[in-house]
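Keep the sequence and the 3D view open while reading.

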Amino acid sequence: MLIKECKDELENHIIPFWDALRDDENGGFYGQMDNDLVLDRKGTKGVILNSRILWFYSSVYRSIGGEKNLDNARHAYEFLRDRCVDRENGGVYWMMNYDGTVNDSMKHTYNQAFAIYALSTYFLACGDKDALTLAFELFDTVEEKCTDDIAYMEAFSKDWQLIENDALSENGLMADKTMNTVLHLIEGYTVLFEASKDKRVEERLRFLLDITADKIYDAQNHKLKVFFDVDLDVIGDIYSYGHDIEATWLIDRACETIGDEKLIKDWQEKNLKIAEKIYNVALENGAVNNERENNVIDRKRVWWVQAESIVGFINAYSHCGDKKYLEAASSVWSWIKDFQIDKRSGGEWWAEVDFTGKPMTSFTMVNEWKCPYHNGRMCLEVMARGVDA
């Protein structure tokens, strides 16, 4: 039932919604729609948004085919290639205006990771070697500009001078480094390695996994630390339930792509403990809460947290066979169907709903973060894994 319903959600709801946001006049995809479903045709276009849309349509084409899906991937690729790359200083910008001119020239490591992820996936979808070449240009830029003696710095000006990391800092903290950026570098480098088998990429991917094991993974509490100073010492007391369950399957995928059996086994053990902890402390009233800060639990239900939870729980089941994880995935899917999916004509998923399922208005239907990456990927992963719930 889950496989069939996810396939239907993907093909008959998510894809048509994003098809309608294609901007044939100025390139890319429209980047702003409010919760009344009013599209702002002159709104900003996040580079993260367009990278994720490129990833999405490339992945959809790899899964179910369709010339329209490939054409949308090509359309997103051309916007990224022609408008979002700084040909003088290297890297992709943070934000574009509706017409493809630069709105925010910040360079962020997290953003480079998503462009690498998208370009590598597009290459796997259609074999465009120029896309893979651009992915390697961004990889080289990240490794040259973003690394220090310990790991990766994150926020930079147009010409790669360090600036405050406002974009990925939250909860009143200002982090020099974040688990989030490390996780998505792992994600991007995994697909770049899949596409190329390049030894440099494998080396840096292993480095990122080592950092995660040694500095980010809290072995005592079976969770990932979130925010860090420049020395990778933790700051704040944050427990991000969504990132933890997302990390379990992304890290497993990275290890499987490398093909190192010891690495696979070691991380599967860690990730099962992380998933078990999320099952025990975050799954409540049929869905997964957002996070804990100090002793306060944020119980709102965020679209991407629910989507990643389904994949993470199915991934845990595939490794240990405990049916409670399938039941958890089924429970979250029921929540999504009942409350997270916007049932109005022309809507997609509500970004946030409260603990009772009432839509919240603090986050819009489409913006630089809200895109088909998490919910579309959930559908594709459910379909590919063939585990029904």
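The model is predicted. A search of the whole structure finds 23 aromatic pairs, and three strands form an open antiparallel sheet.

**Helix H1**
- Helix H1 covers residues 2-19, and its 18 residues should span 26 Å at 1.5 Å a residue. The C-alpha atoms at its ends are 24 Å apart, which agrees with that expectation.
- H1 has a kink of about 35°, and the kink is centred on Leu10.
- Leu10 is also one of the buried residues of H1.

**Helix H5**
- Helix H5 (residues 129-145) has 17 residues. From its first C-alpha to its last it reaches 24 Å, close to the 24 Å expected at 1.5 Å a residue.
- The buried residues of H5 are Ala131, Leu132, Leu134, Ala135, Phe136, Leu138, Phe139, Thr141, Val142 and Glu143.
- H3 is part of the cover over the buried residues of H5, and that cover also includes helix H4 (109-126), helix H6 (179-196) and helix H7 (199-216).
- An α-helix has 3.6 residues a turn, so residues three or four places apart point the same way.

**Asn50 in helix H2**
- Asn50 lies in helix H2. Asn50 has a relative accessible area of 0%, so it is buried.
- Neighbours within four places in sequence aside, Asn50 is in contact with Gly28, Phe29, Lys45, Ala76 and Phe79.

- Strands of a sheet pair through backbone hydrogen bonds, either parallel or antiparallel.
- Here the order of the strands is S6-S9-S10, and the pairing is antiparallel.
- Strand S6 (177-178) and strand S10 (234-235) stand at the edges. Each has a single partner strand, so one side of each is left without a neighbour in the sheet.
- S6 is joined to strand S9 (residues 227-228) by two bridges. Which residue in S9 is the bridge partner of Thr178? The partner is Phe227.

**Gly236**
- Gly236 is found in the loop between S10 and strand S11 (238-240).
- Is Gly236 buried or partly exposed? Its relative accessible area is 45%, so Gly236 counts as partly exposed.
- Gly236 and Tyr373 are 137 residues apart along the chain, and their C-alpha atoms are separated by 28 Å.

**Aromatic rings**
- The ring centres of Tyr239 and Tyr241 are 4.8 Å apart. Their planes stand at 70°, so the pair is edge-to-face.
- Tyr239 has 3% relative accessibility and therefore counts as buried. Tyr241, at 2%, also counts as buried.
- A cluster linked by ring pairs holds Trp55, Trp94, Tyr110, Phe114, Tyr117, Trp369 and Tyr373.

**Charges over rings**
- Phe114, a member of that cluster, has Arg52 over its face, at 4.4 Å from the ring centre.
- Lys370 has its charged end over the ring of Trp303, 5.7 Å from the centre of that ring.

Notes:
Residues numbered from 1 in each chain as written. Predicted model: local features only at pLDDT ≥ 70, side-chain atom pairs only at ≥ 80, totals over all residues. Heavy atoms only, no water. Pairing = 2+ DSSP bridges. Helix = DSSP H or I, 4+ residues; strand = E, 2+ residues; numbered from the N terminus. Expected span 1.5 Å × (residues − 1). Bend = angle between axes of the 7 residues up to and from the residue. Buried < 20%, exposed > 50% of the residue type's maximum accessible area, 1.4 Å probe, protein only. Phe/Tyr/Trp six-rings, centres within 6.5 Å; stacked < 30°, edge-to-face > 60°. Lys NZ or Arg CZ within 6 Å of the ring centre and 35° of its normal. Contact = heavy atoms within 4.5 Å.
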